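Keep the sequence and the 3D view open while reading.

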Amino acid sequence: MSLYAMQKFLYHLNRDAGVQTRFKTDQEALLGEYPFTDEERSAIASGDVGLIYVLGANGQLLMHFAAYLGMPWPDYIASMREGVAKHGPVRAGVYAMTTAMNEKVAGV
Amino acid sequence: MSLVFAGVCSHAPGITGRAHLADPALRDPFHAAFRAMGDELRATKPDALVLVGAEHFGNFFMNNMPAYAIGMGAEYSGPIEDSAWIGIAKTRIPGNPDLSQRLITEVLQTVDVSFAEEWLLDHGLIVPLNFLTPNYDLNIIPVNINCQGPPLTPLHRAWAFGEALRRAADSVPERIAIIATGGISHWPATPDSGKINVEWDREFMARWARNDREALLAYSDADIYRDAGQGGFEIRTFISLAAAARGAGAIRHFQPIPIFSVTCTLGVMEVI
């Protein structure tokens with residue numbers, strides 16, 4: 001588990017336009033610069049927001065990756081629930097899910 | 001006395017970015033009250049606005065995380081977020097590095113604060129500014145309390161930091177306004193987003209309005225996480241403000257709006 005590396009990548013992507021461009025044009029080399037596990041690299045490369053959430057990424061980093069991928073807010077929320085349904089509870093960090101799968105506390 | 005205004009406010013990105021998803025009957029009075037607090041703030045003719053926030057990795061990360069940081073730039077910019085996503089255009093906000101340096105020097109007498117000549121605003125500061133100083137024409141001094149990457153500073157240190165900010169404001173001839181911004185209970189950016197513990201929020205704001213130091217500092221982080229979520233750690237900013245202002249607080253707005261993820265809160269505090 002290299003949650004730190006995954007979160008650092010998200011931090012760089014969120015605030016650096018150069019990293020955002022490289023994610024689209026030079027992705028393999030960009031992701032090679034971070035000590036990810038195969039699971040983490042694959043989750044990021046495929047934009048699997050649900051799995052990244054389960055791996056423990058801080059939501060304040062993850063929600064901007066989702067926005068960068070073009071996911072509307074309700075889809076972002078849904079993908080995290082789907083991630084928990086598929087992979088089980090959040091494995092690290094302080095952003096665990098505490099509501100029921102279909103609770104939709106904000107209607108989305 | 002050079003502290004001329006003290007207040008607290010919410011800063012959730014949904015307040016602007018998801019405004020279109022909110023019930024206008026809840027959204028519009030909150031937005032109007034937010035702008036009115038800006039009018040009230042600017043009527044006190046401050047020379048600078050010290051904006052105490054709890055950023056979400058706009059500048060600081062776990063490679064080198066300061067518990068407390070103060071901006072010392074001539075200019076700041078933001079939002080770091082996509083403008084369409086947050087509903088706020090990219091902008092520049094003026095700073096005053098000379099004033100920052102004097103404030104930081106005084107704060108350092110009691111709190112080992114970091115300083116930063118570069119500072120990118122995330123929603124935690126730009127959402128409040130969007131309502132309080134919509135022309136972005138008032139000098140700001142951004143301040144951060146780490147509420148994101150544990151281990152976090154203890155609540156009693158947040159109080160001491162507020163006392164230091166007050167001492168610093170009193171030590172300069174400029175007229176200083178101070179706004180602290182954070183959520184109360186919330187579970188942001190998770191599937192729980194929109195969950196709000198209104199009773200906890202009401203109790204916390206009652207303690208804040210009484211400026212009851214002992215009651216404000218009585219929470220443990222384990223209690224906060226259980227009852228108010230990871231977003232609740234941001235009460236540190238409200239606690240610092242209470243220590244800086246010293247007076248009684250008046251709650252101007254208190255309305256849970258789930259699509260904004262928080263009880264949307266505005267308050268001003270008497271400076272004594």
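Glu106(B) is partly exposed, with a relative accessible area of 21%. The model is predicted, and in it the side chain of Glu106(B) forms a salt bridge with that of Arg167(B), at 2.7 Å from N to O. This pair links distant parts of the chain: Glu106(B) lies in helix 4 of chain B and Arg167(B) in helix 6 of chain B, 61 residues apart. Arg167(B) is also partly exposed, at 29% relative accessible area.

## Other salt bridges

Side chains of opposite charge can pair when their charged atoms come close. Over all chains, the structure holds 18 salt bridges. One of them joins Glu174(B) and Arg102(B), with 2.7 Å from N to O. Here too the pair links distant parts of the chain, 72 residues apart: Arg102(B) sits in helix 4 (residues 97-107) of chain B, and Glu174(B) in the loop between helix 6 (155-170) and strand 8 (176-181). Glu174(B) counts as buried because its relative accessibility is 16%, under the 20% cut-off. Arg102(B), at 29%, counts as partly exposed.

Asp28(B) and Arg27(B) form another salt bridge, with their closest N and O atoms 2.8 Å apart. Asp28(B) is partly exposed at 38%, whereas Arg27(B) is buried at 18%. In chain A, a network of salt bridges links Arg22(A), Asp26(A) and Glu33(A).

## Chain B as a whole

Chain B has ten helices and ten strands. Its radius of gyration is 17 Å, close to the 19 Å that the globule rule gives for 272 residues, so chain B is as compact as a globular protein of that length. The C-alpha trace spans about 45 × 40 × 40 Å along its principal axes.

Of the 272 residues in chain B, 64% are buried. The chain exposes about 9,400 Å², and carbon and sulfur atoms supply 50% of that area. Chain B carries 21 positive and 30 negative charges, whose mean positions are 3 Å apart.

## Chain A as a whole

What elements make up chain A? It has seven helices and zero strands. Along its principal axes, the C-alpha trace of chain A spans about 40 × 25 × 20 Å.

Buried residues make up 48% of chain A. Its accessible surface is about 4,800 Å², with 52% belonging to carbon and sulfur atoms. The mean positions of its 9 positive and 11 negative charges are 4 Å apart.

How values were computed. Residues are numbered from 1 along each chain as its sequence is written. Chains are lettered from A and ligands numbered from 1 in the order in which they are written. This is a predicted model: local features need pLDDT of at least 70, side-chain atom pairs count only at pLDDT 80 or more; totals for chains, interfaces and linings use all residues. Side-chain values use heavy atoms; hydrogens and water are left out. Helices (H or I, at least four residues) and strands (E, at least two) are DSSP runs, numbered from the N terminus. The radius of gyration is taken over C-alpha atoms; the globule rule is 2.2 Å times the number of residues to the power 0.38. Buried means under 20% relative accessible area, exposed over 50%, partly exposed in between (1.4 Å probe, protein chains only). Accessible areas come from the Shrake-Rupley method with a 1.4 Å probe; for residues, only the protein chains shown count as cover. Lys and Arg count as positive and Asp and Glu as negative; His and the chain ends are not counted. The place of a charge is taken as NZ of Lys, CZ of Arg, CG of Asp or CD of Glu. A salt bridge is a side-chain nitrogen of Lys or Arg within 4 Å of a carboxyl oxygen of Asp or Glu.
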